[in-house]
Amino acid sequence: MIETAGRQDQLAASLAEVRERIARACSSAGRPAEDVTLVAVTKTYPASDVVLLAGLGVTDVGENRDQEAAAKAAEARAAGATPRWHFIGQLQRNKAKSVAGYADVVESVDSLRLVSALERAVADRPEPLEALVQVSIDGDPSRGGAVGDDLWRISDAVAASSALRLGGLMAVAPLGWEPDRAFEQLAALHRRLVAAHPAATAISAGMSADLEAAVRHGATHVRIGTSLLGMRNPLR
């Protein structure tokens, strides 16, 4: 119990700092703080942290590996925590059904084949699965993300699906790029997307090191791990 209380205090303090950063970034950008949703990235951390974060008011949690996320979501749910689960990692088609079993949002849709796999996986869900199309800002697909005109083909396919709902775009600033440069390009792509699909208003961008730049360029969701939960074990 003492250990749990200590961890809760750590998370509460970190959460207050992250929320203050988001609020300052929004103020500087002339945006209300409630425009930006914090997605707590809990990869490598236990389900007990998800439960504690939910108790502190965190509504959205992100994971990038299905095997870890599926078990963690089940454990958290058994403990009474029901955040919105975001799958944010590269997703193999053979994992689509498993991910669809717990995820509320898949942020890493980057191929037409994955769109088809997710459609099959969620066919029996009462509500469409929210999907964000991941963009490769620098055109290098090795880290995931749609390149070139594939972005629009994938977006149109998601929007046309009755099983999926096009939420918007997701991106990671490429290594070696200034975050402002990356997120400015993402914002331009998002404006084009919204012109074709007005309901696709989400922009998931920004992590612990660059959330301010992401907010400056219109991010609606920031994915925060290290600043919230601490440094991860580099061996995991």
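Reader: Is Lys-43 buried, partly exposed or exposed, and what makes it so?

Author: Happy to start there! Buried means a relative accessible area under 20%, exposed means over 50%, and partly exposed is in between (1.4 Å probe, protein chains only). Lys-43 has a relative accessible area of 27%, so Lys-43 is partly exposed. Before we go on, this is a predicted model, where local features need pLDDT of at least 70, side-chain atom pairs count only at pLDDT 80 or more, and totals for chains, interfaces and linings use all residues. Residues are numbered from 1 along each chain as its sequence is written, and side-chain values use heavy atoms, with hydrogens and water left out.

Reader: Where is the place of Lys-43?

Author: Lys-43 sits in the loop between β1 (37–41) and α2 (47–55). Helices (H or I, at least four residues) and strands (E, at least two) are DSSP runs, numbered from the N terminus. The protein chain has nine helices and eight strands.

Reader: What makes the protein chain as compact as a globular protein of that length?

Author: The radius of gyration is taken over C-alpha atoms, and the globule rule is 2.2 Å times the number of residues to the power 0.38. For 236 residues the rule gives 18 Å, and the radius of gyration of the chain is 17 Å, close to that value, so the chain is as compact as a globular protein of that length. Of the 236 residues, 49% are buried.

Reader: Why is the pair of Glu-63 and Lys-72 called a salt bridge?

Author: A salt bridge needs a side-chain nitrogen of Lys or Arg within 4 Å of a carboxyl oxygen of Asp or Glu. In Glu-63 and Lys-72 the closest N and O atoms are 2.8 Å apart, and the pair forms a salt bridge. The structure holds 12 salt bridges.

Reader: How do you know whether Glu-63 and Lys-72 are buried or exposed?

Author: Glu-63 has 1% relative accessibility and therefore counts as buried. Lys-72, with a relative accessible area of 5%, is buried as well.

Reader: What separates Arg-153 and Asp-150 in helix α6?

Author: About one helical turn, because Arg-153 and Asp-150 are three residues apart in helix α6 (residues 150–160). Their side chains meet in a salt bridge at 2.8 Å, N to O. Arg-153 counts as partly exposed at 46% relative accessibility, and Asp-150 is partly exposed at 35%.

Reader: Which distant parts of the chain are linked by the salt bridge of Arg-216 and Asp-180?

Author: The side chains of Arg-216 and Asp-180 meet at 3.0 Å, N to O. Arg-216 is in helix α8 (residues 211–216) and Asp-180 in helix α7 (residues 179–196), 36 residues apart. Arg-216 is partly exposed, with a relative accessible area of 47%, and Asp-180 counts as partly exposed at 30%.

Reader: Which residues are linked in a network of salt bridges?

Author: Asp-60, Arg-84, Glu-130 and Arg-165 are linked in such a network.

Reader: Which residues is Trp-177 in contact with, leaving aside its neighbours within four places in sequence?

Author: Contact means heavy atoms within 4.5 Å. With those neighbours left aside, Trp-177 is in contact with Ile-137, Asp-138, Ala-182 and Gln-185. Trp-177 itself lies in the loop between β6 (164–171) and α7.
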